[in-house]
Amino acid sequence: MYDTSTKIGLCSDHAGFQLKESIKQWLSEKGYQFEDFGTDSEASCDYPDYAHPCALAVESGRCGCGIAICGSGNGISMTLNKHQGIRAALCWEPELARLARAHNDANILSLPARFIPVETALEIVKAYLEADFEGGRHQRRIDKIPVK
């Protein structure tokens with residue numbers, strides 16, 4: 001479980017900007033710390049420009065986890081997962097987010113802004129942040145993910 005002392009990295013492209021703003025408000029209300037890596041408007045932009053800095057912050061430990069958003073969630077997830085220390089999981093319902101943490105130790109939650117309402121997104125974020133990694137057999141599998 002990520003508690004409110006965990007700094008959360010946030011990033012989005014233009015399609016995810018409004019959802020990111022809603023998530024920031026929710027995180028603030030719940031007392032979470034976060035760092036916003038952009039974008040800062042709905043002007044057209046390229047998701048890798050914001051995904052890479054967020055991924056680096058999570059890899060380095062500056063942020064304990066992250067939340068990334070683009071229109072489909074796919075492009076930003078693909079970019080994040082190029083980083084060896086990142087396990088970004090694209091989730092569109094709360095149970096997927098819970099399992100991404102519990103079984104895959106996902107350290108970045110990716111959301112598809114154009115396919116889920118804000119209320120669902122907030123339920124997904126809550127499920128992700130409240131889930132614990134189960135370890136055990138799952139750790140063995142996670143250890144095999146990085147390309148050596």
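Predicted model: local features only at pLDDT ≥ 70, side-chain atom pairs only at ≥ 80, totals over all residues.
Reader: How many bridges pair β3 and β5, and in which sense, parallel or antiparallel?

Author: There are five bridges, and the sense is parallel. Two strands count as paired once DSSP finds at least two bridges between them, so β3 and β5 qualify.

Reader: What makes β4 a partner of β5?

Author: Same test. Three bridges join β4 (residues 88-90) to β5, and the two run parallel. The cut-off is at least two, so this counts as pairing too. Alanine 89, for instance, has leucine 109 as its bridge partner in β5.

Reader: How do you know whether β5 is enclosed or open?

Author: Check its residues: five of the five are buried, so the strand is largely enclosed by the rest of the structure. Both faces are covered, with Ile108, Ser110 and Pro112 buried on one side and Leu109 and Leu111 buried on the other.

Reader: Why is threonine 79 called buried?

Author: Its relative accessible area is 9%. Buried means under 20%, so threonine 79 passes. This residue lies in helix α3 and, leaving aside neighbours within four places in sequence, is in contact with Tyr47, Pro48, Ala51 and His52.

Reader: What makes the pair of threonine 79 and glycine 75 a polar contact?

Author: The backbone oxygen of glycine 75 lies 3.0 Å from a polar atom of the threonine 79 side chain.

Reader: How do you know which residues of α2 line one face?

Author: Start with the buried ones: Tyr50, Ala51, Cys54, Ala55, Ala57 and Val58. Seen down the axis of α2, they fall within an arc of 160 degrees, so they line one face of the helix. They pack against β1 (7-12), β3 (65-70), α3 (74-80) and β5 (108-112).

Reader: And how does the span of α2 compare with what is expected?

Author: Helix α2 (residues 48-60) reaches 18 Å from its first C-alpha to its last, close to the 18 Å expected for its 13 residues at 1.5 Å a residue. Just after α2, glycine 61 takes a positive phi of about 90 degrees.

Reader: Which residues touch the most other members of the largest nonpolar core?

Author: Of its 26 residues, those are Ile23, Leu27, Ile67, Leu109, Leu111, Val125 and Leu129. The largest share, six residues, comes from α5.

Methods:
Residues numbered from 1 in each chain as written. Heavy atoms only, no water. Helix = DSSP H or I, 4+ residues; strand = E, 2+ residues; numbered from the N terminus. Expected span 1.5 Å × (residues − 1). Buried < 20%, exposed > 50% of the residue type's maximum accessible area, 1.4 Å probe, protein only. Arc of directions from axis to C-beta. Contact = heavy atoms within 4.5 Å. Core = buried A, V, L, I, M, F, W, Y, C linked by side-chain atoms within 4.5 Å. Polar contact = N/O pair within 3.5 Å; in protein donor to acceptor, adjacent residues only side chain to side chain.
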